[in-house]
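Morning, everyone. I have one model to walk through, so please bring it up on your screens.

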Amino acid sequence: MLYEEIVDALKEIFQTRNDLFVLSGSGTCAMEAAIGNLLRKDTPVVCIANGKFGDRLVEIGNRYSDNVTAVSFEWGTPIDLEEVEEAIEEKQPQVVTMVHNETSTGMLNPAQVVGTLAHKHNALLVLDCITSIGGYDVPVDSWGVDIAIVGSQKCLGAPPGLSAISVSERAWELMLDNGDSRVRIPYYMDLLAYRESFNKRQTPYTPALPLFFALHEALEVIREEGMTKRVERHRQLADTIRNAATTMGLTLFPVLDEVSEYSNTVTAINVPPGLDDALLRARMRERGIMIAGGQGKLKGKIIRIATMGNITEDEVSRTILALEDALRGRIDKGE
Ligand SMILES: Cc1ncc(COP(=O)(O)O)c(C=O)c1O
C-alpha cells in the first residue's frame, strides 16, 4: 500500500519507531503542525534561533503561545549552549525548538546535545530536519527528538509540496494533556486526526496523490543508494565545494565552534566586497547552473550552493567551473 510503504521507508530514514505521517504541504506546514499541535496559549517554549528558519519557528510559536522565549544568536554564528541551558533553567519550557541544518546560513547545529539538554529539563525537542534528513545520519530516537520534520524537495530528492513529521509518545502525551483546548489547534494539520486515519492507512483529508507517487519513487532511489553512501556523497560534494571556494580566494560564511559544523547539504559563501551577487548568479544561470542568494538580511551578502538530494560529482564540477568563470567575468557593481 502506497502510504504505508512511504511511512515505513521514512521511518527507516528517520531511524524512528515513533508515529510518522506525511502532510500535503511544504516544510513550513510540518513546522506549524508541530508547534500548533503542541502549544497552547500559555505553554512555555524556548526557541533557539541562529538563522532565518530558527526565526520562523519563533514566529510560528508566537502565533500559538504567549510564553515563547527566543534564544537568538547572530545568523551564521554558533548557538551558545550555556546560554541555552540558562534559558531552559529559568523558563522551564515544555518544548524546545531548533533547526538542525540552518539552510539560510549553511550551518549544522548540535542536535544531539540539545536533545540531551531538553530532556534533562523535562522538555520536548522539536527539531526542524527539513534539510538534514536524507543527507545526514539523523537518528531521531537515539537523539531524543520528539518531533522531527523533513521536506520532500530537499535531501529526499522528491518534488516540493510534501513534508513528513514524526511524533514521540511524550509529544502525544503533551498534546493529550492539552485535551480540551483543541479548539485552537490547526484543523487541517491536526495530528490526532492523522493518527486516527493512519489506522486505516489513510490521511484524514485528500492527499496530494501525484506527489505521494513521486515521493515513493524518491524513497526507492534512496533505498537503492543506501543511506551510508548517500550521507558520504553529501559530505564529499560539500567538501569539494568548500575546498574549491577557498582555493578561489572566497571565504565561507558560517563561524564555527567545537559543536557546530559547516553544512554538508548547503554551502554558504561570502560575496567578496564590490561584487554583485545577482549578476554573478545570472552569469551562472546562463550556463545552466542555478545557485541561491542570501535570504532576508543576508541578501546580497552570501551565495548558497546546495548539494542536497541526488546531486552528482559532475554537477558539482560544472558548478565550480561556472562559479570560476562568473567570478573572472569582472562582475563589479561599479563598472
Ligand atoms: C531549514 C528549513 N526549514 C524550513 C523550511 C521551509 O520549508 P518550505 O519552504 O518547504 O515550506 C526550509 C526551506 O528552505 C528550510 O531550509
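Start with a detail: which residue in strand 9 does D19 stand opposite? It is V167. Before going on, one caution: this is a predicted model.

Now the pair of strands around that residue. Strand 1 runs over 19-23. Strand 9 covers residues 163-167. The two pair in the antiparallel sense, over 5 bridges.

Zoom out to the sheet. It is open and has 7 strands. Read the order as 1-9-8-7-4-2-3, with mixed pairing. Strand 1 is an edge strand, and so is strand 3, at 68-72. Each of these two pairs on one side only. Neighbouring strands are turned by 15 degrees against each other on average, with direction ignored.

Next, the helices on this sheet. Helix 1, residues 2-14, packs on it. Helix 1 touches strand 1, strand 8 and strand 9. Its direction makes about 120 degrees with that of strand 1. Then look at helix 6, residues 169-177. Helix 6 lies across strand 7, strand 8 and strand 9. Against strand 7, which spans 124-128, the angle is about 110 degrees.

On to the ligand. What surrounds it? The list is S26, G27, T28, F53, V99, T103, D128, I130, T131 and G151. By class, that shell has 6 polar residues, 3 nonpolar and 1 charged.

Now the domains. Domain 1 takes in 2-223, and domain 2 takes in 226-328. How far apart are their centres? Over C-alpha atoms, 26 Å separate them. The contact draws 27 residues from domain 1 and 27 residues from domain 2. On the domain 1 side, strand 6 (107-108) and helix 8 (209-225) each supply at least two residues. The residues of that side divide into 12 nonpolar, 12 polar and 3 charged.

Last stop: strand 11, residues 266-270. Why is strand 11 said to be largely enclosed by the rest of the structure? Because 4 of its 5 residues are buried. Buried here has a cut-off: 20 or more other C-beta atoms within 10 Å of the residue's own. Strand 11 also has a partner, strand 13, at residues 302-306. They pair in the antiparallel sense, over 5 bridges. Within that pair, V266 stands opposite A306.

To recap two items. The sheet is open, with strand 1 and strand 3 at its edges. The ligand shell includes D128 and F53. Over to you for discussion.

Methods
Residues numbered from 1 in each chain as written. Predicted model: local features only at pLDDT ≥ 70, side-chain atom pairs only at ≥ 80, totals over all residues. Pairing = 2+ DSSP bridges. Axes fitted to C-alpha atoms, helices over the stretch in contact; angles between N-to-C directions. Contact = placed C-beta atoms within 7 Å. Near = placed C-beta within 6 Å. Nonpolar A, V, L, I, M, F, W, Y, C, P; charged D, E, K, R; others polar. Buried ≥ 20, exposed ≤ 12 C-beta atoms within 10 Å, placed from the backbone. Domains from an automatic or database assignment.
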